Amino acid sequence: MVFVDLVLGAPQDWAVQATALRLRAALDATARRRQPRALAQLEELTTAPLRAEPPVRARVTAFAWGLRSLPSRREVSLEYGRALAGLGSLADSVRAFREAGAEEEAAIALSALGEKEQALAIVREALADPGSATPGLYCTLGDLTGDEEHFRSALQLAGGRHFRAALALGASATRRRAWAEAEEHLKIALLLRPHSAPVWLHLAMCMMQAEPPRESEAVDALRRALSLEPDDVQSWALLGSTLLEMPGREAEARSALGRASELLPTDPTLAGRHVRACCATNDLENAKKTIGRAHALGLTLPKSAIHRVYQALGGSGDGERSASATLSGSGALSADAQKLATAAALASERRLDNGDGADTLGMASFFYQVVDNVAAEAKCRAARLELLLKARKWEKNASALQEFVEEAAQLLQVHERMGAPRDKLIAMRLILHGVAERTSDAFCATAGFEELRMLINSVERHVGTGSDGDSD
């Protein structure tokens with residue numbers, strides 16, 4: 001900048017002055033406080049006699065200085081228009097672009113201003129002259145109309161090698177779920193710009209949708225995208241989600257999803273997938289941290305994440321296999337497992353606030369049982385039993401009756417741990433008698449009904465047979 005200022009302060013010479021002024025305008029444009037001066041300098045250059053009509057002496061001086069690449073008036077007008085557009089002065093940029101004959105960029109600026117019809121008129125007028133038709137104009141027309149045929153015309157005019165047209169056709173095919181066609185166009189775009197991270201990302205999406213899915217190729221494409229844009233959340237998320245479904249890659253999935261969740265901590269889906277990956281690798285501490293952060297942010301985790309914690313703590317599914325990692329040396333739950341269960345219980349409660357069903361209540365009950373929160377467990381089991389009762393599936397299905405009886409038995413055990421409160425037991429006795437009356441004809445010979453009768457007898461023993469307990 002000091003050298004440029006020195007040159008501009010020297011005796012006037014057209015070639016040197018024009019080159020130095022243009023250079024200083026480019027340097028000024030990089031600093032916000034000097035951007036007004038950059039615009040003023042470019043505006044001055046657009047009115048200066050550049051290559052269109054330089055004096056003879058200027059041409060000789062330019063040759064002597066090696067300044068044979070002096071810009072034309074059109075080039076400077078383009079720079080001026082782009083600078084104005086970059087600062088948000090779109091209306092002024094349209095005028096600069098029109099003066100430069102840059103119809104494509106003028107149309108883009110008009111579209112940004114909401115003047116779509118005027119933009120369309122400019123582009124169609126330019127395309128009416130076959131000599132002025134360019135792939136860029138066809139692409140702009142495609143953007144304005146949403147018709148992918150214009151992008152095909154652009155690609156054809158460019159001999160099959162036009163990045164913007166290929167990318168637009170790939171995106172259009174993706175929206176139509178024509179994955180093979182999208183992949184073909186995206187590969188053309190990559191040949192032209194191999195360092196475009198978004199193209200690598202969308203190519204990976206196509207690979208994942210192929211029949212059969214090409215997970216390994218998709219992972220390689222996503223790693224290439226991340227090498228170009230290390231902080232792209234979508235690439236990290238897709239990489240982690242892909243690895244999570246690949247056997248033996250859970251640790252890599254945990255790392256990728258952890259990074260995605262760090263970059264976008266307000267996304268409950270990402271947090272849930274990270275929890276699943278942590279549980280799959282027995283990283284209970286980080287699973288607890290992610291659940292805790294989601295709860296602090298007011299997020300509702302997906303049921304699949306809570307169920308994976310349920311399994312990891314021995315609740316169901318592969319719980320028996322994975323439960324060993326949750327145990328301390330004495331056979332009791334480890335400290336990390338207890339903290340995870342507490343966090344998962346809170347996450348389950350949040351799902352209940354959103355009107356979730358019996359499955360989540362069952363998992364919440366389990367988590368509270370794990371941490372020995374008897375009152376909270378009783379509340380969840382009572383709510384689950386009420387949902388099962390209202391669903392009335394037990395009237396027609398023996399398995400549903402078995403499920404209802406098992407939940408009632410669990411609730412009775414919780415009441416016993418609470419000292420068998422008489423009012424709770426009386427209410428349970430009334431419910432169980434009502435269920436028995438409605439199912440005796442259909443299921444009297446089933447194991448579920450026999451267990452129901454045994455449960456009623458157990459409740460009767462707690463309550464006592466001398467009184468219905470109504471006065472209680």
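## About the model

This is a predicted model, in which local features need pLDDT of at least 70 and side-chain atom pairs count only at pLDDT 80 or more, while totals for chains, interfaces and linings use all residues. Residues are numbered from 1 along each chain as its sequence is written, and side-chain values use heavy atoms, with hydrogens and water left out.

## The chain as a whole

The chain has 26 helices and zero strands. Here helices (H or I, at least four residues) and strands (E, at least two) are DSSP runs, numbered from the N terminus.

Of the 472 residues in the chain, 44% are buried. Buried means under 20% relative accessible area, exposed over 50%, and partly exposed in between, using a 1.4 Å probe and protein chains only. Looking at contacts (heavy atoms within 4.5 Å) between residues at least 6 apart in sequence, 52% join residues at least 24 apart.

## Helices α13 and α14

Two packed helices are described by the angle between their axes and the distance between the axes. Axes are lines fitted to C-alpha atoms, for helices over the stretch in contact, and angles run from 0 to 180 degrees between N-to-C directions. Helix α13 (residues 197-209) and helix α14 (residues 215-228) have axes that come within 8 Å and cross at roughly 165°. That is why α13 is roughly antiparallel to α14 (angles under 35 degrees count as roughly parallel, over 145 as roughly antiparallel, 65 to 115 as roughly perpendicular and the rest as oblique).

The crossing of α13 and α14 is left-handed, a term used if the near helix is turned anticlockwise from the far one by less than a right angle, with right-handed used if clockwise. Residues making the contact include W200 and L201 of α13 and A221 and L222 of α14. By class, the contact of α13 with α14 has 11 nonpolar, no polar and three charged residues. Ala, Val, Leu, Ile, Met, Phe, Trp, Tyr, Cys and Pro count as nonpolar, Asp, Glu, Lys and Arg as charged, and the others, Gly among them, as polar.

S196 sits in the loop between α12 (179-192) and α13. With 13% relative accessibility, S196 counts as buried. Not counting residues up to four places away in sequence, S196 touches F163, L190 and L228.

## Helices α14 and α15

Helix α14 also packs with helix α15 (residues 233-244), at an angle of about 155° and with the axes 10 Å apart. This makes α14 roughly antiparallel to α15, and the crossing is left-handed. Residues that meet here include R223 and L226 in α14, and S235 and L239 in α15. The contact of α14 with α15 divides into eight nonpolar, two polar and two charged residues.

R223 is partly exposed, at 38% relative accessibility. The C-alpha atoms of R223 and S235 are 8.2 Å apart, with the two residues 12 apart along the chain. Leaving aside neighbours within four places in sequence, R223 contacts L239, L243, R249 and E252.

## An aromatic cluster

Rings of Phe, Tyr and Trp (its six-membered ring) pair if their centres lie within 6.5 Å; planes under 30 degrees apart count as stacked, over 60 as edge-to-face and the rest as tilted. The count comes to four aromatic pairs. Y310 and F366 have ring centres 4.9 Å apart and planes at 90°, so the pair is edge-to-face. Y310 lies in helix α19 (residues 303-312) and F366 in helix α22 (residues 358-370), so the pair ties together parts 56 residues apart in sequence.

Y310 and F367 also form an edge-to-face pair, with centres 6.3 Å apart and planes at 90°. Both Y310 and F367 are buried, and F366 is buried as well. Y310, F366 and F367 form one aromatic cluster.
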